[in-house]
Amino acid sequence: MAGSRLPRQLFLQGVAGVFMFAFASLYTQIPGLYGPEGILPARRMLRPQGKGHWQQLWETPTLLWEAPRLGLDTAQGLELLSLLGTVLALGALLLRPLRHPLVYLLLWAAYLSACQATLSLQVGQVFLYFQWDSLLLETGFLTVLVAPLRQVPNRKQAHQGGLTGALPHEELPFWLVRWLLFRLMFASGVVKLTSRCPTWWGLTALTYHYETQCLPTPAAWLAHHLPVWLHKLSVVATFLIEIAVPPLFFAPIRRLRLAAFYTQVLLQILIIITGNYNFFNLLTLVLTTALLDDQHLAAEPGLGRRKKASTSWPKALLATLSLLLELAIYGLLAYGTVHCFGLEVDWQQRTVHSKTTFTFHQFSQWLKTVTLPTVWLGVASLAWELLTALWRWTQVRGWLPKLCAAVQLSILGAATVALFLISLVPYSYVEPETHGRLWTGAHRLSGAVGHLQLANSYGLFRRMTGLGGRPEVVLEGSYDGHHWTEIEFMYKPGNVSRPPPVVVPHQPRLDWQMWFAALGPHTHSPWFTSLVLRLLQGKEPVIQLIQSNITRYPFHKQPPTYVRAQRYKYWFSQPGEQSRWWRRQWVEEFFPPVSLGDPTLEMLLRQFGLQDKSPPRARNPSSALAQALHWVRTQLSPMEPPTLLWGLLAAVGAVRVMQALLAPWSFRSSPPDRGEKPKPALKKNSGAASEQASPATNNCSSSSRPHRQKK
């Protein structure tokens, strides 16, 4: 199997980029969500309960416990963590030496701190408790293990001809990334059928999805109006990519793994085009790098252009058998898809008919049959990686390098096995019987570190909502209680003439929660009452979540006297309708008209524990750190969040272009390493001897050495 040096570097850069987007997006929303005048003030979050410092830190692992020592309140601590996380992730994305385990550990700890701090608030976790937040935390911790302790300089790699060998332990943690991708995709496909959602079983889910998803893009309008038969065929393709293809992630034939890679990339790109899912799809694309290798990415010069040499008959036989097995798997996938979904081509109408030909009972029995074997598939694949790492260790020469390699391999191997065991618990949730048959030690280990979110369960798009039209909550304000003006959000549907926005990779967390709130009564979303209160009070940080340009807010001069909310049903407009993207119909009143001091409002605030029992403590203006945070906020607040994130992306692109242009000049002008002697020119007949040269001795660091090339 080819090495994964370049895919690991792509993975490290990708995770750094996603962290940068996540921290920057969160930073822009902290004042409105958790500030002193926000929807859920952060001063409610961290309250010491008389426990020891280390016990308190273990039970609620967040660095925000240390904010008072810096002269900051909890919201300011969140801002500091977000700013530092953005800068640190930006550095790791641009500078290779910063792709270090310590840097990724700090990024993971900072994001975990933000998520854990909100969990201590009764209703605060709603804004920081999405599946992609959990996925980023799990991926971030794996990155700590994947990142090398020491990066090999690019110039040294160039002198070595780019051929760098992996240390015995380097491939092990990267295998966990592949296992995480498998769990994410397989569970996301399975839950669509175990939920018994009639649209997934009827293959009609995508006829609703583009219209009813939280934040559609303009392309979603076009996709929504595609033929129904194409929507149903797309659902079949989704099941194929999410359920049938993921086991190929562990296939011993690399072409199968590459085929699986491209199917996953295709799915994620289509989702990005038609929906605003912040950094989630970007993070999933980063995970797919675990399916690549150096040979495919041409990391080794001449690897793709190597001349075909005469091979022995056993190798030729093995290659033929591999090809036959590959073709058999493709044929099995095609046959299974046609059989399970009754695919028939109608040549007259030029359509493809499809329907589900199996029952829920049959699928449940199939799931019971395959879930445990997929666990054993993971065990077998991990065992192979461990054996490969052990074989590489036997090739290390010298007792001291061998001892150091043994220590590293033991630590990384034990961590890899432990994380695999922990991940089996949330993975087995897809099939309760398998979950109960797991080793009890795995359950105990998972329970002991569950609050660190090292492994999580996933299952995206479980059920389709809004089958009779997407429910949407529209806020309204009034000065007299008779004439009402709608309060329009920047991103979520409101004005029927406004096109859907493109905000990736930003996640407007209030707009997302407004989508969830519309699915039930307002009492199921306690934070909504606090939102109404802040609008009545005219709190600017909350208003900026709705409209970053305050002048576009209809009550920017004076807060409304009354606020209410209506529930509407929204549908995409038809192709013939001019200058309209949506159609809507009023359904019912969502939240009654209230004003400051209204008994109904006060009762709801008391019921949800949102009433301020004591005035907020004044911030310490003398703190230099607090003043610096305020200055940074003042400089960045005029920019809309998507513009800020796109600006960061443009800056990264410009710097990378400059690095690429300057790299040849810096290489030419750089002196050779100290002690490095010029290499004599090789004779024409010395190629075989150089190929049979013994491999370089590995040292105790994570630097790479040349591969031993085969004839």
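# Questions on contacts and burial

Student: What is the relative accessible area of Arg 255?

Tutor: Buried means under 20% relative accessible area, exposed means over 50%, and partly exposed lies in between (1.4 Å probe, protein chains only). Arg 255 counts as partly exposed because its relative accessible area is 41%.

Student: What kind of model is this, and from which number are residues counted?

Tutor: This is a predicted model: local features need pLDDT of at least 70, side-chain atom pairs count only at pLDDT 80 or more, and totals for chains, interfaces and linings use all residues. Side-chain values use heavy atoms, leaving out hydrogens and water, and residues are numbered along each chain, as its sequence is written, from 1.

Student: Which residue forms a salt bridge with Arg 255?

Tutor: Side chains of opposite charge can pair when their charged atoms come close. A salt bridge is a side-chain nitrogen of Lys or Arg within 4 Å of a carboxyl oxygen of Asp or Glu. For Arg 255, the closest N and O atoms are 2.7 Å apart, and the partner is Glu 326.

Student: How many residues apart in sequence are the parts tied together by Glu 326 and Arg 255?

Tutor: Helices here are DSSP runs (H or I, at least four residues), numbered from the N terminus, and strands are runs of E with at least two. Glu 326 lies in helix α14 and Arg 255 in helix α12 (residues 254-274), so the residue count between the parts in sequence is 71.

Student: Is Glu 326 buried or exposed?

Tutor: Glu 326 has 6% relative accessibility. With that value, Glu 326 counts as buried.

Student: How many salt bridges does a search of the whole structure find?

Tutor: Another of these bridges joins the side chains of Glu 171 and Arg 8 at 3.3 Å, N to O. Glu 171 is in helix α7 (residues 171-194) and Arg 8 in helix α1 (residues 5-34), so this pair ties together parts 163 residues apart in sequence. Glu 171 is buried at 13%, and Arg 8 is buried at 9%. For the whole structure, the number of salt bridges found is 20.

Student: How many residues apart are Phe 130 and Trp 512?

Tutor: The whole structure has 44 aromatic pairs; rings of Phe, Tyr and Trp (its six-membered ring) pair if their centres lie within 6.5 Å, with planes under 30 degrees apart counted as stacked, over 60 as edge-to-face and the rest as tilted. Phe 130 and Trp 512 make an edge-to-face pair, 5.8 Å centre to centre with 70° between the planes. Phe 130 sits in the loop between α4 (101-119) and α5, and Trp 512 in helix α19 (residues 509-517), so their separation in residues is 382.

Student: What are the relative accessibilities of Phe 130 and Trp 512?

Tutor: Both belong to a cluster linked by ring pairs, along with Trp 132, Tyr 277, Phe 280, Phe 461, Trp 515 and Phe 516. Phe 130 counts as buried at 6%, and Trp 512 counts as buried at 4%.

Student: Which residues does Gln 213 touch, not counting residues up to four places away in sequence?

Tutor: Gln 213 lies in the loop between α9 (206-212) and α10 (218-224). Gln 213 is buried, with a relative accessible area of 3%. Contact means heavy atoms within 4.5 Å. Leaving out residues up to four places away in sequence, Gln 213 touches Ala 220, Thr 274, Gly 275, Tyr 277, Arg 470 and Trp 515.

Student: What is the relative accessibility of Thr 139?

Tutor: Thr 139 is found in helix α5 (residues 131-146). Beyond residues up to four places away in sequence, Thr 139 touches Phe 11, Val 15, Leu 180, Leu 283 and Leu 287. Thr 139 counts as buried, with a relative accessibility of 0%.

Student: How many disulfides does the structure hold?

Tutor: A disulfide is a pair of cysteine sulfur atoms within 2.5 Å. Cys 115 is buried at 3% relative accessibility, and Cys 214 is buried at 3%. The number of disulfides in the structure is 0.
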